[in-house]
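Let's walk through this structure together, one question at a time. Have the sequence and the 3D view at hand.

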Amino acid sequence: GPAWALGKFPHWSVILACYNQDRAKVDGELTRNLLTDDPNYREMFKGVEVDGSHASAVDWKIQGSNERSSMLSVGIGGSATGFRARLFIVDDPIKNPSEASSEAVLEAHYQWFTGVAQKRLYPSVGAKIIIMTRWAEDDLVGRLLEIEDDSWRVVHIPAIPTEDEVY
């Protein structure tokens with residue numbers, strides 16, 4: 001996740017998007033606190049420290065980074081104006097089954113991803129990760145694979161394995 005990416009590449013910037021701003025804030029805060037409070041993380045990634053003067057739950061920076069923000073957390077549909085990222089993570093864009101069955105919600109997710117999220121990536125070096133439960137064929141991943149199938153690597157991990165699978 002973002003903690004590992006920033007530990008390995010502290011000069012990177014990460015944008016994390018979740019189904020709403022409240023969830024994004026929680027995930028941003030958990031990630032920031034892992035970097036600041038976890039002795040195992042600090043041992044593994046020596047010298048990677050959060051800048052105490054730029055450390056809100058949704059917008060914080062690694063000391064010494066030249067980026068405007070090292071990690072920005074936003075809700076799906078929210079703004080990331082003025083921010084760029086080397087890594088854009090969308091984590092669970094769909095909150096529940098009723099959202100998954102709403103054509104308006106699915107269309108809004110797609111429009112936001114193609115109109116906002118992808119434009120926040122640095123050209124040629126930006127990476128996108130989408131982590132989600134596939135509740136609908138026409139969800140964000142389904143639409144992106146239909147259009148850009150060759151640019152995505154799909155890792156499918158079923159919640160309930162149907163055979164002995166190794167990952």
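Q: Which residues in H5 meet which residues in H6?
A: A word on the source first: this is a predicted model, in which local features need pLDDT of at least 70, side-chain atom pairs count only at pLDDT 80 or more, and totals for chains, interfaces and linings use all residues. Residues are numbered from 1 along each chain as its sequence is written, and side-chain values use heavy atoms, with hydrogens and water left out. Helices (H or I, at least four residues) and strands (E, at least two) are DSSP runs, numbered from the N terminus. With contact meaning heavy atoms within 4.5 Å, the H5 residues Glu103, Leu106, Glu107, His109, Tyr110, Phe113 and Thr114 meet, in H6, Leu140, Arg143, Leu144 and Ile147.

Q: How do the residues of the contact of H5 with H6 divide into nonpolar, polar and charged?
A: Here Ala, Val, Leu, Ile, Met, Phe, Trp, Tyr, Cys and Pro count as nonpolar, Asp, Glu, Lys and Arg as charged, and the others, Gly among them, as polar. On that basis the contact of H5 with H6 has 6 nonpolar, 2 polar and 3 charged residues.

Q: At what angle do H5 and H6 pack?
A: Axes are lines fitted to C-alpha atoms, for helices over the stretch in contact, and angles run from 0 to 180 degrees between N-to-C directions. For H5 (residues 103-117) and H6 (residues 140-148), the axes are 9 Å apart and the angle is about 55°.

Q: Which residues of H6 are buried, and what covers them?
A: Buried means under 20% relative accessible area, exposed over 50%, and partly exposed in between (1.4 Å probe, protein chains only). In H6, the buried residues are Leu140, Val141, Gly142, Arg143, Leu144 and Leu145. Their cover includes strand E5 (87-91), H5 and strand E6 (127-131).

Q: Which residues does Gly142 touch, not counting residues up to four places away in sequence?
A: Gly142 sits in helix H6. Its relative accessibility is 14%, so Gly142 counts as buried. Beyond four places in sequence, Gly142 touches Arg134 and Glu137.

Q: Which backbone oxygen does the side chain of Thr114 reach?
A: Thr114 is part of helix H5 and, beyond four places in sequence, touches Lys119 and Leu144. A polar contact is a pair of N or O atoms within 3.5 Å; within protein, one must be able to donate a hydrogen and the other to accept it, and residues adjacent in sequence count only if both atoms are side-chain atoms. At 2.9 Å, the side chain of Thr114 reaches the backbone oxygen of Tyr110.

Q: Is Lys119 buried or partly exposed?
A: Lys119 lies in the loop between H5 and E6, where its side chain reaches the backbone oxygen of Thr114 at 3.5 Å. Because its relative accessibility is 49%, Lys119 counts as partly exposed.

Q: How far from a polar atom of the side chain of Ser65 does the backbone nitrogen of Glu67 lie?
A: Ser65 is in the loop between strand E3 (59-62) and strand E4 (71-75), and at 9% relative accessibility Ser65 counts as buried. Beyond four places in sequence, Ser65 touches Pro10, His11 and Ser70. From the polar side-chain atom of Ser65 to the backbone nitrogen of Glu67 is 3.0 Å.
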